[in-house]
Amino acid sequence: MDTVLTIAGAALIVVGLLDTYQSLLHPSGTGFISTWVMRSLWALSRRIGHRLGSAIGPAIMVAVLILWVVVQVLGWALVYLPHVPAGFSYSPGIDPARYPDFLEATYISSVTLATLGFGDVVATNAWLRFLSPFEGLAGFALLTAALTWFTQVYPPLSRRRSLALELKGLADVHYPDAVPDLDPRDVTRVLDTLASQVVVARIDFTQHAETYYFQEEDPCLSLARQIHVAVRIQRAAASGATPDLRLSAARLEAALDELASKLQGGFLTSADDGEVFAAYAADHGRRGNSD
C-alpha cells in the first residue's frame with residue numbers, strides 16, 4: 001500500500017508539473033488540466049449569460065492556478081503519507097497522534113510547497129530529507145510562473161483590443177462600402193496592416209489560449225464583435241482593379257482563414273466552416289457587425 005501511495009503521489013506531481021509546463025512554456029500554450037478547467041468555467045459563464053462580465057478571464061486563471069497548487073499539495077502529501085508520523089520529528093507540544101495521518105501529510109506538504117519553514121515538523125527519514133527541498137523549489141517555481149503568467153496576458157489583450165478598435169473606426173466611416181472608390185494604393189496599405197494584425201491575433205490565441213476567455217465589457221474593444229469588418233473589407237477589395245490590391249486582399253483572406261481555423265480547432269469545435277466568426281461573436285455574447 002505504501003508503494004501504491006508513493007507511485008500515485010509521484011504521478012500527480014509529474015502530471016501537475018507537465019500541465020504547468022505545457023500551459024506556460026510550451027509553444028502550444030495548452031495543458032490538459034488547464035484547458036479542461038478553462039473550457040468548463042467558460043461554458044458555465046456562458047450558460048448564465050456571462051454575468052461575471054470581464055471578471056471571468058481573471059477568475060479562470062486563478063482557478064487554474066489553484067488547481068495546480070492543489071495537485072502539487074496532494075501529490076506530495078501522498079508521498080509523505082506512508083512516513084507519517086514516524087518519518088518526521090515534531091516540536092515539543094505537538095502530538096501527531098491528535099491529527100489524522102492524511103491531514104498531517106497534507107499540512108506538511110502545504111507548508112513545504114509554500115516554503116513557510118515553520119520548523120514545527122522536520123523530516124528525519126533520509127529520503128524525505130532529500131526530496132522535500134524539491135517540493136519547496138517546485139512551489140517557488142510555481143509562484144514565479146504564476147506571476148509571469150498574469151503579467152504576460154495583458155500585451156496580447158492590448159493588441160487584440162487595438163485591432164478591434166481600428167476595425168470599429170473603419171466601420172464608423174463606412175470604409176468597406178467606400179473601398180471601390182478609394183485609391184487602390186491606400187486600400188492596399190490598409191489591407192496589409194490588417195493582415196499583419198490578424199496574423200498576430202492568431203499567434204496570440206495559440207501562445208496565450210487563456211486570453212480567449214477574457215470578456216470585453218466595451219463592444220468597441222471586442223474582436224469577437226469587430227472581426228466581421230475585416231471580412232467585409234477583404235470581400236470588397238477581392239475584385240479590385242489592380243493586381244497589388246487583389247494580392248493584398250488575398251493575403252488578408254488567408255490571415256482571416258488561419259484565424260478562423262485556430263478558433264474552430266481550439267475553442268469553437270462545434271462551429272461550421274464559414275460560420276466561425278459568427279460563432280465567435282455568439283460565444284462572447286456579442287453580435288458581429290455583419291449581423
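The buried residues of H9 are Leu223, Ala224, Gln226, Ile227, His228, Val229, Ala230, Val231, Ile233, Gln234 and Ala237. Here, buried means under 20% relative accessible area, exposed means over 50%, and partly exposed is in between (1.4 Å probe, protein chains only). The model you are looking at is predicted, so local features need pLDDT of at least 70 and side-chain atom pairs count only at pLDDT 80 or more, while totals for chains, interfaces and linings use all residues. Residues are numbered from 1 along each chain as its sequence is written, and side-chain values use heavy atoms, with hydrogens and water left out.

**More about H9.** With 11 of its 15 residues buried, H9 is mostly covered. Which elements are included in the cover of its buried residues? They include H6, helix H7 (175-178), H8, H10 and helix H11 (276-283). Helix H9 itself runs over residues 223-237 and reaches 21 Å from its first C-alpha to its last, close to the 21 Å expected at 1.5 Å a residue. That expected span is 1.5 Å times one less than the number of residues in the helix.

**The whole protein.** Stepping back, you can find 11 helices and two strands. These are DSSP runs numbered from the N terminus (helices are H or I with at least four residues, strands are E with at least two). In sequence order the pattern is α-α-α-β-α-β-α-α-α-α-α-α-α. The protein is more spread out than a compact globule, because its radius of gyration is 26 Å, well over the 19 Å that the globule rule gives for 291 residues. This radius is taken over C-alpha atoms, and the rule is 2.2 Å times the number of residues to the power 0.38. The C-alpha trace spans about 85 × 35 × 30 Å along its principal axes. Of the 291 residues, 43% count as buried. Among contacts between residues at least 6 apart in sequence, 74% join residues at least 24 apart; a contact means heavy atoms within 4.5 Å.

**Nonpolar cores.** The largest nonpolar core has 54 residues, and Tyr212 and Leu263 are those with the most contacts inside it. Two or more residues of this core come from each of helix H2 (32-47), helix H3 (56-80), helix H5 (126-152), H6, H8, H9, H10 and H11. Such a core is a set of buried Ala, Val, Leu, Ile, Met, Phe, Trp, Tyr and Cys residues joined through side-chain atoms within 4.5 Å. Not counting residues up to four places away in sequence, Leu263 touches Phe205, Tyr212, Leu268, Val276, Phe277 and Tyr280. There is also a second, separate core of 16 residues, with Ala77, Leu78, Ile108 and Val121 among them.

**Salt bridges.** How many salt bridges does a search of the whole structure find? It finds nine, each being a side-chain nitrogen of Lys or Arg within 4 Å of a carboxyl oxygen of Asp or Glu. In one of them, the closest N and O atoms of Asp204 and Arg159 are 2.9 Å apart. This pair links distant parts of the chain, with Asp204 in helix H8 (residues 184-207) and Arg159 in helix H6 (residues 154-172), 45 residues apart. Asp192 and Arg251 meet in another salt bridge, at 3.6 Å from N to O. Here Asp192 of helix H8 is linked to Arg251 of helix H10 (residues 243-266), 59 residues apart. Arg202 also forms a salt bridge, with Glu258, the closest N and O atoms being 3.6 Å apart. Since Arg202 lies in helix H8 and Glu258 in helix H10, the pair ties together parts that are 56 residues apart in sequence.

| Residue | Relative accessible area | Class |
|---|---|---|
| Asp204 | 4% | buried |
| Arg159 | 39% | partly exposed |
| Asp192 | 24% | partly exposed |
| Arg251 | 41% | partly exposed |
| Arg202 | 25% | partly exposed |
| Glu258 | 43% | partly exposed |

Gln72 lies in helix H3 and counts as buried at 3% relative accessibility. Leaving aside neighbours within four places in sequence, Gln72 is in contact with Leu12, Ile13, Gly16, Leu17, Ser109, Leu113 and Glu135. Val84 and Pro85 are joined by a cis peptide bond, with omega about 0 degrees, and Pro85 lies in the loop between H3 and strand E1 (88-90). Thr115 is not a glycine, yet has a positive phi of about 50 degrees; you will find Thr115 in the loop between helix H4 (101-113) and strand E2 (121-123). His174, in the loop between H6 and H7, has a positive phi near 60 degrees. Is His174 buried or exposed? At 52% relative accessibility, His174 counts as exposed.
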